[in-house]
Amino acid sequence: MQQPSKQQGMGMLGMFICVCVFAVFATCGVKMSPHYIDNWSLNSILTRIAEDPLNGTKSKAEIRKAIERQWITNRVEVIQPKDVKVTETEGLIIMDVSYEVRQPIMYNVDAVIKFENMHYEIPKR
């Protein structure tokens with residue numbers, strides 16, 4: 001006669017490790033999500049400015065003022081409007097934003113988030 005096999009599954013130690021790993025990822029997600037929301041807001045501001053057909057006739061200074069107005073309206077606090085690089089070439093005005101944010105996670109552990117995905121071109125008319 002065979003004895004019934006033992007029930008197998010995750011033990012207390014395994015469960016504790018899984019909870020700790022989940023807690024670390026949840027903490028990172030909660031602490032870093034505001035920076036991604038700010039980046040999304042910043043991206044929508046610059047997209048709106050780049051797609052405005054009237055901005056093709058404006059100078060570099062006028063576009064910078066439009067950026068500053070949008071900054072105030074949308075309360076962007078991650079970077080300042082002066083950090084947006086606005087350059088003018090033949091036939092194009094280029095807006096470029098690259099920045100990084102350092103977010104403390106716990107104790108002496110920080111997360112560095114780099115945003116380098118915002119490059120906009122406005123054709124001059």
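Modeller: A residue is called exposed when its relative accessible area is over 50%, buried when it is under 20%, and partly exposed in between (1.4 Å probe, protein chains only). This is a predicted model, in which local features need pLDDT of at least 70 and side-chain atom pairs count only at pLDDT 80 or more, while totals for chains, interfaces and linings use all residues. Residues are numbered from 1 along each chain as its sequence is written, and side-chain values use heavy atoms, with hydrogens and water left out.

Colleague: Then to Tyr 107: is it buried or exposed?

Modeller: Tyr 107 counts as exposed because its relative accessible area is 82%. The residue belongs to the loop between E2 and E3. Here E marks a strand (at least two residues) and H a helix (H or I, at least four), both being DSSP runs numbered from the N terminus.

Colleague: What is the phi of Tyr 107?

Modeller: The phi is positive, about 50°, although Tyr 107 is not a glycine. Most residues other than glycine have a negative phi. The hairpin of E2 and E3, in which Tyr 107 takes this value, has two residues between the strands.

Colleague: And what about the phi of Arg 75?

Modeller: Arg 75 is not a glycine either, and its phi is positive at about 55°. Arg 75 sits in the loop between H2 and strand E1 (85-89). With 63% relative accessibility, Arg 75 is classed as exposed.

Colleague: Let us turn to the sheet. In what order do the strands lie?

Modeller: The order is E1-E2-E3, in an open sheet of three strands with antiparallel pairing (two strands pair if DSSP finds at least two bridges between them). E1 and E3 are at the edges with a single partner strand each, so one side of each has no neighbour in the sheet. From one strand to the next, the twist averages 15°.

Colleague: How many bridges join E2 to E3?

Modeller: There are 13 bridges between strand E2 (residues 92-106) and strand E3 (residues 109-123). One example is Arg 102, whose bridge partner in E3 is Val 112. Also in this pairing, Pro 104 stands opposite Asp 110 of E3.

Colleague: How many bridges do E1 and E2 have?

Modeller: E1 and E2 pair over five bridges, in the antiparallel sense. Lys 85 has Asp 96 in E2 as its bridge partner. The hairpin of E1 and E2 has two residues between the strands, and Gly 91 takes a positive phi near 85° there.

Colleague: Now the helices. At what angle do H1 and H2 pack?

Modeller: H1 and helix H2 (residues 60-74) pack at about 145°, and their axes are 10 Å apart. Axes are lines fitted to C-alpha atoms, for helices over the stretch in contact, and angles run from 0 to 180 degrees between N-to-C directions.

Colleague: Which residues of H1 and H2 meet?

Modeller: On the H1 side they include Leu 42, Ile 45 and Ile 49, and on the H2 side Ile 63, Ile 67 and Trp 71 are among them. Contact means heavy atoms within 4.5 Å.

Colleague: Which strands does each helix lie across?

Modeller: H1 lies across E2 and E3 and runs at about 10° to E3. H2 lies across E1, E2 and E3, at about 155° to E1.

Colleague: Which residues does His 35 touch?

Modeller: Beyond residues up to four places away in sequence, His 35 touches Val 101, Gln 103, Ile 113 and Phe 115. His 35 is placed in helix H1 (residues 12-51) and counts as buried because its relative accessibility is 15%.

Colleague: What of Asn 39, buried or exposed?

Modeller: Asn 39 is buried, at 8% relative accessibility. Asn 39 is also found in helix H1, and its contacts outside four places in sequence are Tyr 99, Phe 115, Asn 117 and Met 118.

Colleague: Lastly, how many aromatic pairs does the structure hold?

Modeller: There are two (rings of Phe, Tyr and Trp, with its six-membered ring, pair if their centres lie within 6.5 Å; planes under 30 degrees apart count as stacked, over 60 as edge-to-face and the rest as tilted). Tyr 36 and Phe 115 make an edge-to-face pair, 5.3 Å centre to centre with 80° between the planes. This pair links helix H1 with strand E3, its residues being 79 apart. Tyr 36 is partly exposed at 46%, whereas Phe 115 is buried at 4%. Tyr 99 and Phe 115 have ring centres 5.1 Å apart and planes at 35°, so their pair is tilted. Tyr 36, Tyr 99 and Phe 115 form one aromatic cluster.
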